[in-house]
Amino acid sequence: MAAAYLQSWVPVLQSILPRSGPSAAPLPEIGAQAPALPGTDGGDLITRGKSQGTPTLVAFVRHCGCPFAEKEAKLLAEETKKHKNLHVIIVQHSEEKETEEWFERIGAKAAFTDSSRYTLIADPSRELYAAWGIGVLPWTGMVNGNVMGALKSLKESDGIDLTPTGKGSWRWQNSGGFAVDSQGVVKWRKVAVDSSDMCDYSEAAGTVV
C-alpha cells in the first residue's frame, strides 16, 4: 500500500523538477506566416490548412491534470460548434498515450462533436512549443495569489479542479494560443503570463472567421 502511494507521487514530483529543453524562438508576428506544425502523418498542418482554405486555432496548453488546460480544450470545442469551417489544433507536452488518455478523461474528445475538426498533438520534447515562441514560466508564474484565486473560481463556476498529472507532464512549461487564417497568416496571439492565464478563443476565432 505504501509503495503504491509513493509511486503515485512520482509523476507529480517529476512534473516540478528542473529539466532542460529547447530555447524558445521569437513569437510569430501578427501578419507573418505561421511556423510549420508537423502532424502525426508528418505533413505540415499549416500548409494543409492553406490548401483547404481553413482557418485554424492553435492551442499550446498546460500539462495533463491542469484545470486551465481542461477549460481551454472545452472552450476550443465550443468554437468549432459556432464556426463550421474552423479547425482546432491542441498541443500537449506529455507522452502521446498520456495526452490521448487526458483528452478523453476530461471529456474534451466528446465535446468535439466532429472528430475531423480537431488535431491533438503530443510534443514531449517541447520543440513545437519552442518553435512557436512558447517558453518556460518564470518562478512566480506557476503559483501565486492570482492563480490560487483562479483555481477556486474555476472549481466553483465549472466544477473543474486539479487532477493527477502523468508521465511527461512539466508544470513549468508555459501555454499560449494563436489564430491562423486560411492563408496561413497569424492574426492573433497570446502567451500566458502565469499558469492561470487562459486564452480568449472566442476573440481569437473572431479574427479569422
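The dialogue below takes up cavities and then salt bridges.

Reply: This is a predicted model, in which local features need pLDDT of at least 70 and side-chain atom pairs count only at pLDDT 80 or more, while totals for chains, interfaces and linings use all residues. Residues are numbered from 1 along each chain as its sequence is written, and side-chain values use heavy atoms, without hydrogens and water.

Me: How many cavities of 30 Å³ or more are there?

Reply: Rolling a probe the size of a water molecule over the atoms shows where empty space is left. A cavity is a set of points, on a 1 Å grid over the protein atoms alone, where a 1.4 Å probe fits but cannot get out; its lining residues have an atom within 4 Å of a point. Here the count is one cavity of 30 Å³ or more. The largest cavity has a volume of about 40 Å³, the volume being the space filled by probe spheres set on the points, which are joined across faces, edges and corners. Among its lining residues are Arg62, Phe68 and Asp197.

Me: With which residue does Asp197 meet in a salt bridge?

Reply: A salt bridge is a side-chain nitrogen of Lys or Arg within 4 Å of a carboxyl oxygen of Asp or Glu. The side chain of Asp197 meets that of Lys190, at 3.1 Å from N to O.

Me: Is Asp197 buried or exposed?

Reply: Buried means under 20% relative accessible area, exposed over 50%, and partly exposed in between (1.4 Å probe, protein chains only). Asp197 counts as buried because its relative accessibility is 18%, whereas Lys190, at 24%, is partly exposed.

Note on methods
On a 1 Å grid over the protein atoms alone, a cavity is a set of points where a 1.4 Å probe fits but cannot get out, and a pocket is an open set with protein on both sides within 12 Å along at least five of seven lines; lining residues have an atom within 4 Å of a point.
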